[in-house]
Amino acid sequence: MTRAVVVGSGMAGLTAAAYLARDGCQVDVFEQADHIGGVTTTFRKDGFAWDLGPLMIEGFAPGEPCGRVLAELGCADRIEFVRADRGVVFPDYRLQPPSEYIGPYWRRDRLKELFPGEADGLDRYYEFYDTMLDLMLLARRSEGAGLLRSLPDKLRMARLFGRVKRFQTWNSKQLMDHFFGDDRLKALFLGILADLVVRPSDFMGLAVPAVNQETAFDRRLPAKLSSIGARTTFQYVVGGCSRLVSAVAGVITEHGGHLHTSAPVSRVVISGGRARGIELASGEAHDADLVLVTGGARECFFELVGRDAVPASFTAELDDLRLMESVLMVHLGVDMDPSRHQSGALDYHYHTYDLEGAVARIQAGEYHEGNDGFLIYIPSFHSPEMAPPGQHAITIYTVAPNKLRGGWEARRQEMTDKLLDRAEEVIPGLRKHARVTVSMTPGDFRLRTHLDHHAFGGVSPVMGKSGAPHETPIDGLWFLGAQSETAGGVNNVTLGARTVFQKIKRGH
Ligand SMILES: Cc1cc2nc3c(=O)[nH]c(=O)nc-3n(C[C@H](O)[C@H](O)[C@H](O)COP(=O)(O)OP(=O)(O)OC[C@H]3O[C@@H](n4cnc5c(N)ncnc54)[C@H](O)[C@@H]3O)c2cc1C
């Protein structure tokens with residue numbers, strides 16, 4: 001029987017472990033924290049519950065890419081999802097799902113009202129958007145399908161690609177300048193890049209539609225908008241993200257696998273150019289035929305494996321990884337009804353139109369103190385059980401540099417207060433009504449994830465750069481998770497774990 005060790009119990013590690021366990025491997029998952037799930041964790045205090053990491057996840061509905069993973073693992077029916085969407089608020093305008101559904105292109109039409117001079121550019125952008133979404137769908141469908149079966153889709157892709165080919169070397173700044181004149185409108189499509197900590201001039205233009213899928217902005221949008229097929233939708237996990245973790249973890253244990261918590265791995269044992277197992281910080285050793293590591297790429301190869309065990313060209317690649325930054329997060333349990341101030345569960349507030357400058361500053365280690373923007377998430381809107389009756393769980397967070405001059409700990413209270421000052425401009429009285437307040441700094445995230453540099457979504461999607469490869473220079477050692485997928489995301493790490501399993505099955 002093949003023995004597999006998985007380091008880390010986030011969604012990447014658990015998904016890979018579940019596939020391996022179902023396939024008959026003897027699987028052991030080692031997690032340094034005292035609970036499984038990595039950042040996909042729901043924590044509770046005084047009757048309130050908040051998600052530590054992912055809020056809105058992509059593609060988990062039945063038939064969608066991650067929904068199919070759950071079905072393959074046999075645990076899809078153990079998790080309840082609701083369709084999710086989010087509002088966007090800028091200093092001069094806001095785009096929030098209207099109370100009555102008014103069609104799939106309501107954002108385009110509303111933008112035309114707000115920016116009448118941009119009407120032609122908006123029509124052209126949305127045509128480009130539809131082409132790109134069709135291309136994404138065709139690419140996904142033809143992945144893994146045999147040559148003959150995928151031939152019609154590939155021919156269709158070639159035809160469609162002709163329409164957007166001229167943009168293929170453009171960055172997102174050039175693309176926005178091509179369609180629009182007003183910086184306030186460009187910022188709507190570029191805003192999410194601040195979260196991904198990538199400058200518009202470093203982000204691929206063709207990928208702008210992928211990070212601005214209209215289904216993310218109105219949960220009533222039908223998935224099937226094009227003759228080509230259904231587009232992906234976005235979900236919240238009812239009751240919190242740890243239910244997703246429990247369902248996948250259940251697959252591992254039901255197939256004889258073991259989950260070990262409070263078990264930091266300190267070394268990957270290598271001999272004869274092959275991974276032979278791991279050693280825990282406690283000194284305990286576990287032999288294995290396969291070792292799958294998640295978490296930090298540099299931590300994996302420089303600390304657990306050792307720089308000397310991998311070629312210099314590989315260490316140079318890792319030194320060059322463009323990691324995202326971290327987040328400052330404040331969780332509140334309030335005895336008030338915030339629905340008068342925020343109608344949906346999630347709103348992104350941007351206070352700047354200068355995304356290029358905002359990202360450059362955070363990359364230089366400068367924290368904006370909440371002044372560039374933040375988001376407000378109220379999970380108890382979609383899952384009332386996440387707060388006592390009549391009360392609400394609220395999470396406010398913003399991107400923040402992994403390290404702060406003077407240290408995060410020394411400035412925790414000051415930075416928490418500053419973020420809450422900004423949030424109270426949206427929902428007045430938050431502090432007065434707070435029964436519970438829990439803040440999480442990048443320092444806390446570093447500890448929870450065992451990373452030297454906490455990058456909240458892993459590797460930044462910089463043009464021409466990729467994440468750490470799944471296949472490593474050491475036989476039997478695989479690397480997966482947020483730092484192997486550009487733009488992280490629960491969907492990407494889940495699908496990446498499935499890809500690793502398939503490669504292992506095929507013998508690469
Ligand atoms: C605040 C926040 C908000 C986010 N929002 C979203 C969102 O809305 N939608 C979305 O799709 N994604 C979101 N993400 C990103 C997404 O959650 C992550 O990219 C993804 O969950 C990462 O999964 P993972 O398994 O790679 O890593 P993790 O969840 O970090 O798991 C890695 C695990 O490995 C363990 N580990 C590391 N080293 C060792 C070791 N040596 N020994 C033992 N254990 C070890 C760590 O303790 C950790 O538990 C968010 C992330 C954060 C932090």
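Tutor: Happy to. One definition to begin with: the expected span of a helix is 1.5 Å times one less than its number of residues. Also keep in mind that this is a predicted model.

Student: Okay, so which span should helix α5 have, and what is the distance between its end C-alpha atoms?

Tutor: Helix α5 covers residues 147-164, which is 18 residues, so at 1.5 Å a residue it should span 26 Å. Its end C-alpha atoms are 24 Å apart, which agrees.

Student: Where does α5 bend?

Tutor: At D153, by about 30°.

Student: And how many of its 18 residues are buried?

Tutor: The count is 0, so to speak of cover, α5 is hardly covered.

Student: Let's switch to strands. What is the strand order in the open sheet of 3 strands?

Tutor: The order is β5-β11-β6, and the pairing is antiparallel. β5 (57-58) and β6 (81-83) stand at the edges with a single partner strand each, so one side of each has no neighbour in the sheet.

Student: How many bridges are there between β5 and β11?

Tutor: There are 2 bridges between β5 and β11, which is residues 234-237. If you want a pair to click on, I57 has Q235 in β11 as its bridge partner.

Student: Now the hairpin of β3 and β4. How many residues sit between the strands?

Tutor: There are 2 residues between them. The strands themselves, β3 (residues 42-45) and β4 (residues 48-51), run antiparallel and are joined by 4 bridges. T42 has D51 in β4 as its bridge partner.

Student: Is D46 buried or exposed, and why?

Tutor: Exposed, because D46 has 10 C-beta neighbours inside 10 Å, and the cut-off for exposed is 12 or fewer.

Student: And V197, what is its phi?

Tutor: V197 has a positive phi of about 50° as well, and V197 is not a glycine. V197 is in the loop between α8 (192-195) and β9 (224-226). With 25 C-beta neighbours inside 10 Å, V197 counts as buried, since the cut-off there is 20 or more.

Student: Where is F381?

Tutor: F381 lies in the loop between β19 (373-377) and β20 (392-400). F381 is buried, with 20 other C-beta atoms within 10 Å.

Student: Which way do the residues of β19 point?

Tutor: G373, L375 and Y377 point one way, F374 and I376 point the other way, and all are buried.

Student: Which strands pair with β19?

Tutor: One is β18 (residues 346-350), antiparallel to β19 over 5 bridges. There, L346 has Y377 in β19 as its bridge partner. β20 also pairs with β19 in the antiparallel sense, over 3 bridges, and L375 stands opposite Y397 of β20.

Student: Last topic, the ligand. Which residues come nearest?

Tutor: Of the 37 residues around the ligand, G8, G10, G38, G295 and G481 come nearest. The elements that give two or more residues to this shell are α1 (11-22), β17 (326-334) and α15 (490-506).

Student: How does the shell split by class?

Tutor: The shell has 18 nonpolar, 18 polar and 1 charged residues.

Student: And which domains does the ligand lie between?

Tutor: Domain 1 (3-40 + 62-78 + 239-322 + 459-506) and domain 3 (326-449). Both give residues to the shell around the ligand, so the ligand lies between them.

Notes:
Residues are numbered from 1 along each chain as its sequence is written. This is a predicted model: local features need pLDDT of at least 70, side-chain atom pairs count only at pLDDT 80 or more; totals for chains, interfaces and linings use all residues. The bend at a residue is the angle between axes fitted to the seven residues ending there and the seven starting there. Two strands pair if DSSP finds at least two bridges between them. A residue is near a molecule or strand if its C-beta atom, placed from the backbone, lies within 6 Å of it. Ala, Val, Leu, Ile, Met, Phe, Trp, Tyr, Cys and Pro count as nonpolar, Asp, Glu, Lys and Arg as charged, and the others, Gly among them, as polar. Domain bounds come from an automatic or database domain assignment.
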